[in-house]
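Here is a set of exercises to work through with the model open beside you. Try each task yourself before you read its solution.

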Amino acid sequence: MTRTAPTGTPALEPAERPRRSFGQVWDRYGILVVLLAMVALMAVIAPNFLSLSNGFNVARAVSINAVLAAGMTLVILTGGIDLSVGSVIGVAGVTSVLLWNGGVPALLAVLGGILVGAAAGLLNGLLVAYLALPAFIVTLGALTYLRGTAYALTDGQPLIAKGELGFRLLGNGNIAAIPSPVVVMVITYVAVWFVLERTTFGRHIYAVGGNVEAARLAGIKVKRVLLKVYLLAGLTAGLAGVMFAARVESGQPRAGEGYELDAIAAVVLGGTSLFGGRGRIHGTFVGALIIGVLSNGLVLMNVPFFTQLIIKGAVIIVAVGLDSLKNWRSG
């Protein structure tokens, strides 16, 4: 109904804000509700869950998977997958400790581990983008040969750092009373957020994931986008590997086993579609927190390790199922 202005000119009604359905509201904020519910549940079941020391333990543990998941988000946004990131953690950590034991300065040892991860991601990207090989097959092969490389470098044994590890700060230190891995995690997420939200490259990632043919017709260099995405995923995995080595102060050839599943779970739980083109990096962060809270709570409740794997596998299946349902509803 229109009102009449004093001058006789009909006045326009203010535009009504479109009301969001429950499904839309849940899609946007449901992940936060799940996180808060899990924290409340764990606080009731395990009284020491909310202690400060346990909070630091959760934060340190979450940081490695969160950094890994940040790079995985970029890959999944393009509609791809990277199953090799867990093995990159192993070989990057081993490389950094080898360099340290060989007398290389701490900063160069860190860079060496990260560059190994970046090189693995670059090879994945070349094979996926320029040879058009399926990402699943390429990264599954990389998962195997990179793990084999980690074992070969260490003869299958943990590589203990000689003396105090020069870059142990990355895993066990504090910066202004904040655990340093948490600082690294925050910096990583700010950087990835900036790339996705404020750069042309970020818009191209969404475009490639949304419709690769349309992106190509629009003039986007799809192969170059895919190459960069896998390179960045390898780089963040290399960083996570160095953080892991710094935390345990040794190079573990088995480090990172199964971490690729935790990273994928964090990304999907956070709302990024496995079909590509839709998702936000802050959702991945919350997803990583959920995985961390779940893992820590199960440990505090003394749940056997194999049962933890069953529960985490079920969470991944439920998350993927909900993502498929969401895509089906949106047509």
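**Exercise 1. Is T139 buried or exposed, and what surrounds T139?**

Step 1. T139 has a relative accessibility of 0%, so it counts as buried. Here buried means under 20% relative accessible area, exposed means over 50%, and partly exposed is in between, using a 1.4 Å probe and protein chains only.

Step 2. This is a predicted model, in which local features need pLDDT of at least 70 and side-chain atom pairs count only at pLDDT 80 or more, while totals for chains, interfaces and linings use all residues. Residues are numbered from 1 along each chain as its sequence is written, and side-chain values use heavy atoms, with hydrogens and water left out.

Step 3. Helices (H or I, at least four residues) and strands (E, at least two) are DSSP runs, numbered from the N terminus.

Step 4. Follow the T139 side chain to the backbone oxygen of A135, which it reaches at 2.7 Å.

Step 5. List the contacts, meaning heavy atoms within 4.5 Å. With neighbours within four places in sequence left aside, T139 is in contact with I81, D82, L83, S84, N124 and Y230.

**Exercise 2. Find where M185 sits and what M185 touches.**

Step 1. Look in helix α7, residues 180–198, for M185.

Step 2. The relative accessible area of M185 is 5%, so this residue is buried.

Step 3. Leaving out residues up to four places away in sequence, M185 touches V62, S63, A66, V67 and F285.

Step 4. Now compare sequence with space: M185 and A240 are 55 residues apart in sequence, and their C-alpha atoms are 9.4 Å apart.

**Exercise 3. Which residues touch the most other members of the largest nonpolar core?**

Step 1. Set the rule: a nonpolar core is a set of buried Ala, Val, Leu, Ile, Met, Phe, Trp, Tyr and Cys residues joined through side-chain atoms within 4.5 Å.

Step 2. The largest such core holds 87 residues, and F167, L196 and I205 touch the most other members. Helix α10 (residues 222–248) gives the most to this core, with 14 residues.

Step 3. Take L196 as an example. Not counting residues up to four places away in sequence, L196 touches L74, L77, G202, R203, I205, Y206 and I281.

**Exercise 4. At what angle do α8 and α10 pack?**

Step 1. Two packed helices are described by the angle between their axes and the distance between the axes.

Step 2. For α8 (residues 200–210) and α10, the angle is about 105 degrees and the axes are 10 Å apart. Axes are lines fitted to C-alpha atoms, for helices over the stretch in contact, and angles run from 0 to 180 degrees between N-to-C directions.

Step 3. The two helices, α8 and α10, are therefore roughly perpendicular to each other. The classes are under 35 degrees for roughly parallel, over 145 for roughly antiparallel, 65 to 115 for roughly perpendicular, and oblique for the rest.

Step 4. Find the residues that meet: F201, H204, I205 and V208 from α8, and V222, V225, L226, K228, V229 and L232 from α10.

**Exercise 5. Why is α11 described as largely enclosed by the rest of the structure?**

Step 1. Helix α11 covers residues 259–269, and nine of its 11 residues are buried, so α11 is largely enclosed by the rest of the structure.

Step 2. The buried residues of α11 are E260, D262, A263, I264, A265, A266, V267, V268 and L269.

Step 3. Continue past the helix: G271 follows α11 and has a positive phi near 100 degrees.

Step 4. T272 lies in the loop between α11 and α12 (281–300). T272 counts as buried, at 0% relative accessibility.

Step 5. Apart from neighbours within four places in sequence, T272 is in contact with T73, I76, L77, V267, R278, G279, R280 and T284.

**Exercise 6. Where is A132, and is A132 buried or exposed?**

Step 1. A132 is in the loop between α4 (106–129) and α5.

Step 2. A132 is exposed, with a relative accessible area of 63%.

Step 3. Check the backbone: A132 is not a glycine, although its phi is positive, about 55 degrees.

Definitions and conventions. Polar contact = N/O pair within 3.5 Å; in protein donor to acceptor, adjacent residues only side chain to side chain.
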